[in-house]
Amino acid sequence: MSHRPAEALYRLLMRPFAGLGQRLRHGSWRFRLAAAALTLVLLSGTGLLFAWSGLVPVAASSGHWPLTDWLLHFTMRSSVRTQSASITPPPLDDPSLVLKGAGHYATGCAFCHGAPGQERSLIVERMTPAPPFLPPRIAEWGPEELFWIVKNGIKFTAMPAWPALGREDEVWALVAFLEQLPGMSPQRYRELALGPGAAATVPRLQAPTDAPDALLADCARCHGDDGLGRGLGAYPKLAGQREAYLLASLRAYASGTRQSGIMQPIVAGLDDQALQALARHYAGLPAPATQEAPPAPPAQGEALARQGLPERGVPGCVHCHGPTSTPRNRQYPEIAGQYPGYLALQLQLFRDGLRGGSEYAHVMHSAARRLDDEQIEQLARYYGAQPWSSRDRPAEPR
Amino acid sequence: MTVGSLLIWALVIGLALYVTRAHPEAHGVRSARWLIIGGGVVFPTTVLTALLIYGLMLIPELRATGDIDRRIEVAGEQWWWRVRYPQENGEAVELANEIRLPLGERILFRLSSPDVIHSFWIPSLAGKVDMIPGRITELVVEPTRTGTFRGACAEYCGASHALMNFQVVVMEPDAYRDWLAHQATLARAPTAEQARRGQQAFLANGCGACHTVRGTPADGRLGPDLTHVGSRLGLGADALPNDREALIRWIGHTGEVKPDVRMPAFGMLPVDELAALAAYLSELE
């Protein structure tokens, strides 16, 4: 007797749904569709309500449930595997690639991922997900997967995309370094990333300060104290370069008209006075004291540099880059004695439309557009073999 | 030929008047048959065949390359004209975007193209002849009066096809000889201070990688020879008039004047440097 009112209430509530099961099983398809849509609306409404309530846990301090953690990683790993399937890695054992990658690893990666002899910051260890300490983890990924991750970054983690997406050559340089990371000794790492003197401290994910000494120490990690780019062609020789060109290039990095995931983040934080001081400093550095006898310049490269390929619409290089008997625009770089590898890369980037620069960059786009790889190689070797003394260096106004 | 066509016209009109006004009644079967077969088949076939043979006989003389007085080589390039005047000493004077001809001489144009199909057309002097990559086409012209005529590319050849024009000047033979002798000389050294700075800017900025100014280190072969550019009637294949203002506009805004043009614009140069360049180039007469 006592539960009769409850039973009455139940029947009252259920009256609108009387025969629902019957109608769902035997009713018209329109009715079933409407029922399905209504269910969907109710469910998503409930979900929204839950999100609005503020009860969803987003605290990094609480971490993930093991199941969530597994599901997220499973999704991420599958996505990287599938999306990197069509990427073919270039040869990655080139020491200049490794060196270039090492310099950027110290600037942009080591703070979160650690390095040989350098633990991750305690701060980043409390992220969810925490960035892995990389040296022992690299072997879990293929080079093409590392390339994909470094280039694209990973959503919902703190892993950023490469700042200059067109510069895949830089991403590969970083991957070349990562491939060497397992088992690398702290001494080797410091030598690669901080330079032979290793006086510089590891920067902490921020633009170097404008204090000239600290700034130069940071530049010297890659460009060398002598501005000669540490010998392998990973970094250009800056010593004795024209001040106007250096300043225009730094400004181009700062404003983003010259694209580089390595240089842009460093230069973007500097004010124009610092850029001027840097340009002046490197322009004033002397030529190398002892110069190894340059290999004989390739004859084909010389003809190309002097005459270009008129029938293919390629102008000669010497009119802008020397050697000439008349003075040349101070905004045009000196390239005699530059590393051939560096020159070839710049020509490829110009040809492929991936390299901007100062307001003169479009002249190079039209000049390099019709060069093939062989011609680029010849030209780079020709200019690399030119003696430093062929540079046109009247005193610059200070 | 005019008299012949007038006679035929008078004959046809006369016949029409005869059958409609003079003898509107029906003709006999026999006379009608003669009229149709004779006037409709035999007569036109005879006349047209004779005209065709006469016309065909004229062609060899029109195209004859044996008794020509002079050759001129013209290459149509996107979007300008490279014009070479072979000399007796075997060398050629290379000029651009303007053609000068001596009155009364038979001139053979040898036409070519290094890139796409163009068509060489001086409407007042001759018909169109295509310029086809990989081969040489020929055209004989014999100008009969002096004057300046317009020439154009008559085959769509890319974005700036409509801006690929040139002027043709037919001159008295003596004046022509003097003109060509002057064009064959080296560029004169700049005199005015501004023009001197313009020459320095021309060499310093690498203009010589694409342009030749004979007598200076500028020896590029990609673009038009500028040794005597100041003497030309137009700029950029007649896209602009040839004055300093237009030179500044051309150098600084090349792609806006002529879309897709190969020459990169040098609008980043300081204004006074552009003015100096214009002064230098207009002095190259």
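This is a predicted model: local features need pLDDT of at least 70, side-chain atom pairs count only at pLDDT 80 or more; totals for chains, interfaces and linings use all residues.
Trainee: Start with chain A. Into which domains is chain A divided?

Mentor: Domain 1 of chain A covers 76–194. Domain 2 of chain A is written in two pieces, 212–287 + 298–390. The C-alpha centres of these two domains lie 27 Å apart.

Trainee: How many residues does the contact take from each domain?

Mentor: Domain 1 of chain A gives 18 residues, and domain 2 of chain A gives 17 residues.

Trainee: Which helices of chain A each supply at least two residues of the side of domain 1 that touches domain 2?

Mentor: Look at helix 5 (95–113), helix 8 (168–180) and helix 9 (186–194) of chain A. Helix 5 of chain A brings the largest share, 9 residues. By class, this side of domain 1 has 8 nonpolar, 6 polar and 4 charged residues.

Trainee: Now the sheet in chain B. In what order do the strands of the sheet stand?

Mentor: First, the general idea. Strands in a sheet pair through backbone hydrogen bonds, in a parallel or an antiparallel way. Here, 5 strands of chain B make an open sheet, ordered 3-2-1-5-8, with mixed pairing. On average, neighbouring strands of this sheet are turned by 25 degrees against each other, direction ignored.

Trainee: Why is one side of strand 3 and of strand 8 of chain B left without a neighbour in the sheet?

Mentor: Strand 3 (92–96) and strand 8 (137–141) of chain B are at the edges, and each has a single partner strand, so one side of each lacks a neighbour in the sheet.

Trainee: In what sense do strand 5 and strand 8 of chain B pair?

Mentor: Strand 5 (residues 107–112) and strand 8 of chain B are antiparallel, over 5 bridges. For L108(B), the bridge partner in strand 8 of chain B is V140(B).

Terms used: Residues are numbered from 1 along each chain as its sequence is written. Chains are lettered from A and ligands numbered from 1 in the order in which they are written. Domain bounds come from an automatic or database domain assignment. Two residues are in contact if their C-beta atoms, placed from the backbone, lie within 7 Å. Helices (H or I, at least four residues) and strands (E, at least two) are DSSP runs, numbered from the N terminus. Ala, Val, Leu, Ile, Met, Phe, Trp, Tyr, Cys and Pro count as nonpolar, Asp, Glu, Lys and Arg as charged, and the others, Gly among them, as polar. Two strands pair if DSSP finds at least two bridges between them. Axes are lines fitted to C-alpha atoms, for helices over the stretch in contact, and angles run from 0 to 180 degrees between N-to-C directions.
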